[in-house]
Amino acid sequence: MGQSERTYAIQGRRDGEVERVRHMVQHMAANKAYLHAASAAGGEEDSQLEKFRQRFIEYRDAWRTLPRQAVERKLHGAAFAATGQPPLCIDLELAAVCDLACPFCYRQFVATPDKIMDFDLARRLIDQAADLGTPSMKFNWRGEPLLHPRLPELITHAKRRGILETIINTNATTLDEGKARALIEAGLDLIIYSFDGGTKESYERMRPGRFAANAFESVIDNIRRLARLRAEMGAFFPRTKIQMVLTDETFAEQDAFFALFDDCVDDVTVKQYTERGGKLADLDEQSRSRLADAIERLGLGPDAATMRDKDGVLFVATGRVPCEQPYQRLLVTYDGRVSMCCYDWGSMHPVGYVDRLAIDIGEGEYEKVKEKADRSAKGFEMMRLEMPRRFNEPAPVVETLAETWIGREIDAVRRCHVDGRVEDVEICKGCPFKETYRWERVGV
């Protein structure tokens, strides 16, 4: 798998990754992890600053190079464990609940518990990640992290334990002044806004409120307020990024979307639409016709994956490439079930457990949500839910993140991927993640 074989799903008008590294390195003296370390060392700040800068550079470089090298060298099992490479990121699902009912979200089709992670479990996992040497933590997965009432405390704890980069993805609906100020003071490093639509009409259609109306203007005000507060407080963090999913409707609104946020968000990007059950149109009729011709010409099956980038260039998938995620991260559900990929929404292929709660309650909370959706309870009216399937059943034993990272369950997945047998893993077979396909450009 050469790096040139992989196409990445998020695109901006600038090189967001280069800017992200530049910003962190330039302002490392303001990173709360560094400041806590310097304070613990008696204030000898300069002696550690360059080490922190270099560690961040190495972490971001490893995000792409580690998976590539692992595949090229067919690293799994003892050979991968011998590298001593920790997860580059641990994603903690502090909140599985969400306050929106986006029609393209898995939540509308796959039962997802309306729960938050226990504070003590979250602290324990932060400590385990820090002990592993994990450089990055994201404090969300399937839900809205701002709905966890103690999010700033957990970010503060992560920074005190030396986590270099703390991240959240948020819809920003509840990002009021108090929450914005608390996140800045806690030392949050990166906030990624999800905002779909360049106009009020498309945004409110794509991101309706689940329990109450969601207003385009209110969310924009929240995003602008954080930018203003950051400037008033003289803070360099969090760096901000915003992304919009490209559907047939929003594709034509890219200029309007960029115009909305170019002056208040550091990195404005768009993301390829991936089918999650909503069956939204992501291509116009002419594009579909051109892709159908290409699929026939190449002798591909009728279900061949297709893609259109932000510039309108069309691609068709001619094969699969190994996924990077099993070499980059672990994701933990609110109850302690560990997953290997952010696209495994229902944690249908868990690779372990880091808390007994997931073992003890099983599918109970999923079943409660499905029952409410079946009778159209308030906040569940638009859901048409199926219970998540179970493709893998790890032994019902609680392990640490370190044990899970080099355990037999995730190793079986790595083995298939590095051997070119991606689709031997059932959960990977129909994965919509654009970055796991080999794309051929469709000529004009």
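Two strands pair if DSSP finds at least two bridges between them. The views below come from a predicted model.

**View 1. Strand 6 and its two parallel partner strands.** Strand 6 covers residues 239–246. With strand 7 (residues 267–272) it pairs in the parallel sense over six bridges, and isoleucine 242 stands opposite valine 268 of strand 7. Strand 5 (residues 190–194) also runs parallel to strand 6 and is joined to it by five bridges. Here isoleucine 192 stands opposite lysine 241 of strand 6.

**View 2. The two faces of strand 6.** Strand 6 is mostly covered, with eight of its eight residues buried. One side carries Arg239, Lys241, Gln243 and Val245, and the other carries Thr240, Ile242, Met244 and Leu246. Both faces are covered.

**View 3. The nonpolar cores.** The largest nonpolar core has 90 residues, of which Leu92, Phe139, Phe195, Ile223 and Phe261 touch the most other members. Leaving out residues up to four places away in sequence, isoleucine 223 touches Ala172, Tyr193, Phe195, Ile242, Phe261, Cys264 and Val265. Another core, of 18 residues, lies apart from the largest one and includes Met24, Ala33, Tyr59 and Leu88.

**View 4. Packing of helix 6 against helix 7.** Two packed helices are described by the angle between their axes and the distance between the axes. For helix 6 (residues 151–160) and helix 7 (residues 177–186), the axes come within 9 Å and cross at roughly 10°. Angles under 35 degrees count as roughly parallel, and helix 6 and helix 7 are therefore roughly parallel to each other. Helix 6 makes the contact through Leu151, Pro152, Ile155, Thr156 and Lys159, and helix 7 through Ala182, Leu183 and Ala186. By class, the contact of helix 6 with helix 7 has six nonpolar residues, one polar and one charged.

View 5. Strand 8 pairs with strand 9 (residues 314–320) in the antiparallel sense over three bridges, and threonine 306 stands opposite valine 316 of strand 9.

Notes:
Residues are numbered from 1 along each chain as its sequence is written. This is a predicted model: local features need pLDDT of at least 70, side-chain atom pairs count only at pLDDT 80 or more; totals for chains, interfaces and linings use all residues. Side-chain values use heavy atoms; hydrogens and water are left out. Helices (H or I, at least four residues) and strands (E, at least two) are DSSP runs, numbered from the N terminus. A nonpolar core is a set of buried Ala, Val, Leu, Ile, Met, Phe, Trp, Tyr and Cys residues joined through side-chain atoms within 4.5 Å. Buried means under 20% relative accessible area, exposed over 50%, partly exposed in between (1.4 Å probe, protein chains only). Contact means heavy atoms within 4.5 Å. Axes are lines fitted to C-alpha atoms, for helices over the stretch in contact, and angles run from 0 to 180 degrees between N-to-C directions. Angles under 35 degrees count as roughly parallel, over 145 as roughly antiparallel, 65 to 115 as roughly perpendicular and the rest as oblique. Ala, Val, Leu, Ile, Met, Phe, Trp, Tyr, Cys and Pro count as nonpolar, Asp, Glu, Lys and Arg as charged, and the others, Gly among them, as polar.
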